[in-house]
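Please look over the model below before reading the points that follow. They cover cores, aromatic pairs and helix packing.

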Amino acid sequence: MADAPHPTTAPQAGPGRRLAAPAAPAHRPPAPNPYDELPYDSHPFSQTHPARLATVATLFDLAPAPVETCRVLELGCAAGGNIATIGEMFPGAEIVGVDLSGRQIADGQRVVRAAGLTNVSLRHASITDIDAGYGTFDYVVCHGVFSWVPTPVQDKILAVCSANLKPSGVAYVSYNTYPGWHMRGMLRDMMRFHADRFGDAKQKVEQARALIDFLASSTKNDTGPYGTLLRQELESLRHQADHYLYHEHLEEVNDPLYFHQFVDMARTHNLRYLGEARLQTMVTTNFAPDVRKAIATVATDQIQTEQYLDFVRNRMFRETLLVHPSASPNWVIRPDAVRTLHVSTTKKPADDAVDLRSTAAQAQYSSATGMTLTTTNPVLKAAMRVLGRAWPGTVPFGELDRGIDDLLGRPPDNGQQLSVALLNTYLSSNLIELTTVPVAKVGVSEKPVALATARARLEADQSGVASRRHELVRTNDLDRRLLPLLDGTRDRDAVLDRLVQLGVVGELNIHKDNKRLTDPVAIRAALAGALDQALERYATSCLLKA
């Protein structure tokens with residue numbers, strides 16, 4: 001898997017980690033599948049959701065299939081963490097996942113069965129086995145596979161994206177790219193040179209980390225380009241989880257390529273470039289005027305424009321969408337294209353004190369990733385007010401426009417100003433999200449119901465869960481005991497009673513002053529407030545459903 005869009009947890013560096021030589025030459029045969037030996041954490045990737053793919057296609061003037069009733073195929077699905085919740089949210093859709101790791105498929109099948117999903121099928125098979133018998137799909141997803149498989153399998157991935165994709169379908173393929181991966185590839189070569197001398201995955205990862213520590217220490221006084229770039233990459237690697245480091249950097253195959261080379265490969269399989277899942281990366285508006293002018297001078301089409309943008313950015317990862325040649329995307333997005341979509345913010349804005357009507361009063365908004373937006377536009381300020389009140393849910397474009405009219409006390413303009421403001425903000429920041437499917441705002445009910453897939457994953461001792469927004473929600477020890485109880489049969493008091501029981505028998509450890517509580521009364525007092533906070537967190541994280 002590649003460049004995960006969510007934080008990972010790596011072991012802390014310690015003084016005892018040192019470079020070592022293997023005790024004896026390692027001649028043991030490799031595991032039948034490295035993902036069986038060290039499974040990859042199976043999590044949601046929001047940019048692969050069919051609603052995201054449908055949104056990009058819609059903005060480029062295509063007519064993608066409705067997500068609610070679509071067929072989805074994921075190549076390299078691991079334990080199904082990226083697709084199981086899609087099946088739960090859209091019972092009218094059919095979801096198929098394929099992976100070569102029998103261990104991960106078995107783990108995922110247990111979750112699917114426990115969640116009661118009859119429209120999700122996880123199959124232990126090779127990508128090369130996929131044929132016409134699988135049928136055709138509206139959306140094909142292949143995340144974190146393409147760069148890590150040999151050329152014949154890469155060709156098969158693109159062949160499946162062509163042969164098994166419906167005429168109006170959209171395929172997603174992610175891959176490592178140059179020029180950014182040149183530096184990272186150098187570090188991969190160093191780590192593999194050392195780690196390949198050891199036998200099992202655990203030893204390989206430990207020694208790869210030891211080499212990282214050694215290189216960082218050895219170049220700490222090097223202020224030149226090599227030392228500076230090396231330390232930047234090393235710092236990034238230190239914070240990655242073992243499974244990521246192993247499969248991203250220590251696998252036998254990892255073949256990045258330039259964007260234009262990938263597009264050429266796709267063309268040989270009768271596929272056309274649609275765009276990127278993160279559409280903001282396709283535009284030049286965030287660059288200085290002289291950069292935009294230079295690229296416009298040398299680039300004759302969208303492909304060349306984006307290749308030059310990769311050179312400027314030193315880009316190392318892409319998430320490319322492909323369609324059949326019969327589809328003709330219009331890369332000049334019309335503001336009217338947003339009118340059929342649902343809108344949300346990426347973070348609840350705190351702006352109640354902002355003067356919405358003044359064209360002089362500034363308002364500043366910050367996303368969860370730290371990106372900020374400053375505006376004096378009354379329409380955009382009013383939009384953020386309406387979206388903030390609906391957060392974490394979405395608002396249909398028409399309803400949002402009416403809400404703005406009410407706040408500003410202005411006559412309707414048929415959404416003209418709103419469509420322009422939303423599109424510009426969407427393309428220039430991550431403060432606005434657009435989607436083809438709504439996300440409801442769900443509060444804490446009398447008998448809360450958590451997503452069945454979330455409950456099943458935690459009961460199976462799998463870490464992290466997918467939300468209704470298809471975002472990863474990290475879980476703690478209380479979550480792992482609490483969320484499975486939220487099946488709609490218990491009110492707050494019944495949930496608290498059960499948590500107290502778990503605390504008494506030691507299945508849930510409750511501490512005060514560094515001592516574990518064992519008295520039921522003390523446990524209940526300690527848990528009461530924590531329970532309410534957790535339930536509200538589940539509501540705002542979109543883990544609850546109506």
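**Notes on the predicted model**

1. Just after helix H2, Asp-61 takes a positive phi of about 70°. Helices (H or I, at least four residues) and strands (E, at least two) are DSSP runs, numbered from the N terminus. This is a predicted model: local features need pLDDT of at least 70, side-chain atom pairs count only at pLDDT 80 or more, and totals for chains, interfaces and linings use all residues. Residues are numbered from 1 along each chain as its sequence is written, and side-chain values use heavy atoms, with hydrogens and water left out.

2. H2 spans residues 50–59 and is mostly covered, with nine of its 10 residues buried. Among them are Pro-50, Leu-53, Val-56 and Leu-59. Buried means under 20% relative accessible area, exposed over 50%, and partly exposed in between (1.4 Å probe, protein chains only).

3. The largest nonpolar core has 106 residues, of which Ile-157 and Leu-400 touch the most other members. Its largest share, eight residues, comes from helix H13 (residues 378–390). Another core, of 29 residues, lies apart from it and includes Leu-486, Val-500, Leu-517 and Tyr-538. A nonpolar core is a set of buried Ala, Val, Leu, Ile, Met, Phe, Trp, Tyr and Cys residues joined through side-chain atoms within 4.5 Å.

4. Leaving aside residues up to four places away in sequence, Ile-157 touches Leu-75, Ile-127, Cys-142, Val-145, Phe-146, Val-149 and Val-173. Contact here means heavy atoms within 4.5 Å.

5. The structure holds eight aromatic pairs. Phe-146 is in the loop between strand S4 (137–142) and helix H5 (151–163), and Tyr-175 is in strand S5 (residues 165–176), 29 residues apart. Both Phe-146 and Tyr-175 are buried. Rings of Phe, Tyr and Trp (its six-membered ring) pair if their centres lie within 6.5 Å; planes under 30 degrees apart count as stacked, over 60 as edge-to-face and the rest as tilted.

6. Tyr-308 and Phe-311 also form an edge-to-face pair, 5.8 Å centre to centre with 90° between the planes. Being three residues apart in helix H12, they are separated by about one helical turn. Tyr-308 is partly exposed, with a relative accessible area of 32%; Phe-311 is partly exposed at 41%. Ring pairs link Tyr-178, Tyr-258, Tyr-308 and Phe-311 into a cluster.

7. Phe-259, His-260, Val-263 and Arg-267 in helix H10 meet Ile-303, Glu-306, Gln-307 and Asp-310 in H12.
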